[in-house]
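Please look at the sequence and the structure before reading on.

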Amino acid sequence: MVDVRAVRSAARLEFAQLSRSRPLVLLVVLEAITFLVLVSLFGLTGARAPTALIDYDRTPLSRSFVEHLDAAHHSFRLLPMPIERANDEISSGNIVAIITIPKGFSEQIRSGGTTVLPVTVDNVDADLTADVREALPSAITAFATSNGFPGVRVSAVEHDVIDHETGYVDYLVVSALALAAFVVAGILGAVAITREYEGRTLTQWRLAPVHTGWLLVGKLIAASAVAAVAITLAGLIVVVGYHARPAHVSGAIAALALCVVLFTSLGALAGALFRRTLPVAALFFGLALPFYVDSGALEPLRFDFERLWTAGHFSPLYSAIGVLQWSFHGLRVTPESLAQNTLVLALWTAFAVLVAAAVLSRRVVRA
Amino acid sequence: MARLDLAVLRRSPWGIAAAIIPAAGMLVLVKLLTVAVTAQPVALVVADRGPQARVMAKILKADTDSYLLKVVKTEEKAQHLLEQQKVAATIVIPHGFGRGVARGNAEVHFWLNNVNIDIADDIRRSVDRSVVQFDAPQFGSSAAPGAAGAGLAVPNPYRVDITETDLRRTDVSFDLYQVLPVLLLLVIALGILCGALLGSRDRERRTHVFLELSPLRRSSFVVGRLLGTLLTMLAVLVPVVAYLAWKGTIAPPHGHWPPFLAILASTAVLSAAVGALLGIVLHKASTVALAAVTIASYLFFLGGGFTTIAFLPEWLRTLSRAVPTRYAIDGMRQTLFYPDLKGVAVDLVVLCMFAGVAVLAGVFALGRRTA
């Protein structure tokens, strides 16, 4: 039988304590936005390498080539500039490469010859260098195909599995919502419990004529409500600021709500185990980043090694991201179905609440 | 003052752990990312048994930088792998490929799980490059006019070739390029968290009253606090740097050790001073932990620790000029990855200026509080 009064009182107490910890609540809200910003910064570095373009030819054919460079699978952010400035910029690390279209480019091509483009690459980072090296053949094949040059015998024909393209930042920010929920709700859930240890008020739980579990539920409801406000704000930024409109609105709301409840419960469990705020807050932040990557936040996790994919199943973020990507972008990023992912999240929540209640009950009895 | 703070921090292992955990998390993140950004799993079906198909398959198999190839016998099997997300794409060299090559209209089909443009574009670029290698096996071997071999263009049907000049003698691996700045995150997080913790602890335990009553000069108080934080940081950082140097992860070129250590030292002073300032504003350990980790993250990310500043929008690049850690990270990369020390002096001067301003602000703020 649910002890509504105990739950309500515990929730009211937690709300009162949170209202006295405004800096904490403000920081938590800031944290939710921080993750969106951080993953956006990462996403921006994944495409459109800033590249100096020096066109000495300036003919329709060279302009057509530049258009193909620009369209080469989001590879280049072309910045026309004189060679002196380009040399300066590349040595300062402001651009990744310099592409020079030599004089006589179109003449040479029209006469059936091959023209040579000098390309200077800042090869300080092997990953960026590889992107530039691979993007140039893409632009060159597209250029040759559009101009119908004879002698090209093979072409690549693409068939997309998904009927729409999702931008990288759009993809990342939706995953970041799960990350934000993990950190924000986790920390609030943890603080709700560690405060009882640090303030030595846990002994008072023993005096309460109700089961510890109901007090825990009440505190979790309050912490979840505050976390939900922060996540709603982050969600609105994703929808309005990033124009990532959910494909399934009710699904998105339900997924975020489930994430908040789950991570608040996990936070409470961590709080009950660690009993101190300082390491728990840092732990959630520190765990968030590796969990984020090992949960399919950047791409379906199974595309990375099978072992990583297996390990990812131990993180609730894996299923959370699966559900969120479906609800926002209509994508299936896990081999498991939507129902399976939702069930896993529900089981995680039940596990966290039950274990936290058990740990707290034991500690209260000891106290 | 320094001895007292050192003793307090020695008895706060959780505080030190709280500073180390985010850096450790970032290290794991970068290691995992190294796996994620490299080659993608792709299934290959070679339906044609002719020599041309074998050449095409050989090109695809040889490109181990781009593909983790699984050769499968049937398209159905490849499709199953794609559905199970065991591969990101399937490439099919269809039956009749050889005849298509003879006619000049052969096709290589690929089915792509275009879940986002990052992974999709990577595979598109790789397939295009493989196709170019079939028709232009010597692609990229021309010499630009003016270079040795004066303007030698190796003909190819695309009529465009490239000649690449690398700015550096060696490529630095993605792993190393991203991992080493994590050391700076450790410095920043340690400095801010330890510095802030000391201040907030004084308030939380009300021991600030004793400090206010002690006949300490304002400057002694601040310098003592900074010294206590710095000594704690040294206790953590010296073994880490020594281990990385012993392992060969930190291996700066000859003569680069002094500027590298100077960058670490000035970043440590800066973060300890920022921490001391934060400790004045915040009075609870829970808020200190959150605020310190958040500030350290912003300083690290906006400074280019996890991103390449040049890729960011103009306004963010302008903003990052006001972020002191940008100079620390730029300087650190220059001392470790480049043969010269171009720009390091400027980075160090700017970093020291930021550190100086932070220390002065600390003297003023802490002094005012104790007064």
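Is R275(A) buried, partly exposed or exposed? The model discussed here is a predicted one. In it, R275(A) has a relative accessible area of 39%. Buried means under 20% and exposed means over 50%, so R275(A) falls in between and is partly exposed.

**Two arginines with positive phi**

R275(A) is placed in the loop that links α10 (249-274) to α11 (277-293) in chain A. Although R275(A) is not a glycine, its phi is positive, at about 65°. R159(B) belongs to the loop between α6 (117-135) and β5 (160-166) of chain B. The relative accessibility of R159(B) is 16%, and R159(B) therefore counts as buried.

**The two chains**

The following table sets out values for each chain.

| Property | Chain A | Chain B |
|---|---|---|
| Helices and strands | Chain A: 14 helices and five strands | Chain B: 15 helices and five strands |
| Span of the C-alpha trace along the principal axes | Chain A: about 95 × 40 × 35 Å | Chain B: about 95 × 50 × 40 Å |
| Buried residues | Chain A: 58% of 367 residues | Chain B: 58% of 371 residues |
| Accessible surface | Chain A: about 14,600 Å² | Chain B: about 15,800 Å² |
| Side chains with charge | Chain A: 27 positive and 28 negative | Chain B: 36 positive and 25 negative |

How does the radius of gyration of chain B stand against the globule rule, and what follows from it? For 371 residues the rule gives 21 Å, whereas chain B has 28 Å, which is well over that value; chain B is therefore more spread out than a compact globule. For chain A the radius of gyration is 27 Å, while a compact globule of 367 residues would have one near 21 Å.

In chain A, 79% of the contacts between residues at least 6 apart in sequence join residues at least 24 apart. In chain B, residues 24 or more positions apart supply 73% of the contacts with a separation of 6 or more.

As for charge, the centres of the positive and negative sets lie 17 Å apart in chain A and 11 Å apart in chain B.

**The nonpolar cores**

In soluble globular proteins, nonpolar side chains tend to be buried together. In this model the largest nonpolar core has 165 residues. Which of its members touch the most others? They are L188(A), F263(A), Y292(A), L324(A), M26(B), L190(B) and F306(B). Helix α7 (residues 168-198) of chain A contributes the largest share of this core, namely 21 residues. Apart from this core lies another, of 65 residues, which includes I140(A), F149(A), V152(A) and A53(B).

F263(A) can be followed in detail. When residues up to four places away in sequence are not counted, F263(A) touches A178(A), A181(A), F182(A), A185(A), G186(A), P316(A), L317(A) and A320(A).

**Individual positions**

L180(B) sits in the loop between α7 (174-179) and α8 (181-204) of chain B. With a relative accessible area of 3%, which is under the 20% cut-off, L180(B) is buried. Its contacts, leaving aside neighbours within four places in sequence, are T249(B), I250(B), M332(B), L336(B) and F337(B). L180(B) and G305(B) are 125 residues apart along the chain, and their C-alpha atoms are separated by 8.9 Å.

G224(B) is part of helix α10 (residues 218-247) of chain B. Its relative accessibility is 8%, so G224(B) counts as buried. With neighbours within four places in sequence left aside, G224(B) is in contact with M1(B), A2(B) and D5(B). Between G224(B) and A39(B) there are 185 residues in sequence and 51 Å in space, C-alpha to C-alpha.

Finally, G104(A) is found in the loop between β3 (97-101) and α5 (105-110) of chain A. At 25% relative accessibility, G104(A) counts as partly exposed. G104(A) and Y56(A) are 48 residues apart in sequence, and 8.3 Å apart in space from C-alpha to C-alpha.

Key: Residues numbered from 1 in each chain as written. Chains lettered and ligands numbered in written order. Predicted model: local features only at pLDDT ≥ 70, side-chain atom pairs only at ≥ 80, totals over all residues. Heavy atoms only, no water. Core = buried A, V, L, I, M, F, W, Y, C linked by side-chain atoms within 4.5 Å. Buried < 20%, exposed > 50% of the residue type's maximum accessible area, 1.4 Å probe, protein only. Helix = DSSP H or I, 4+ residues; strand = E, 2+ residues; numbered from the N terminus. Contact = heavy atoms within 4.5 Å. Rg over C-alpha atoms; globule rule 2.2 N^0.38 Å. Areas by Shrake-Rupley, 256 points an atom, 1.4 Å probe, with all protein chains shown as cover. Lys, Arg positive; Asp, Glu negative; His and termini not counted. Charge placed at Lys NZ, Arg CZ, Asp CG, Glu CD.
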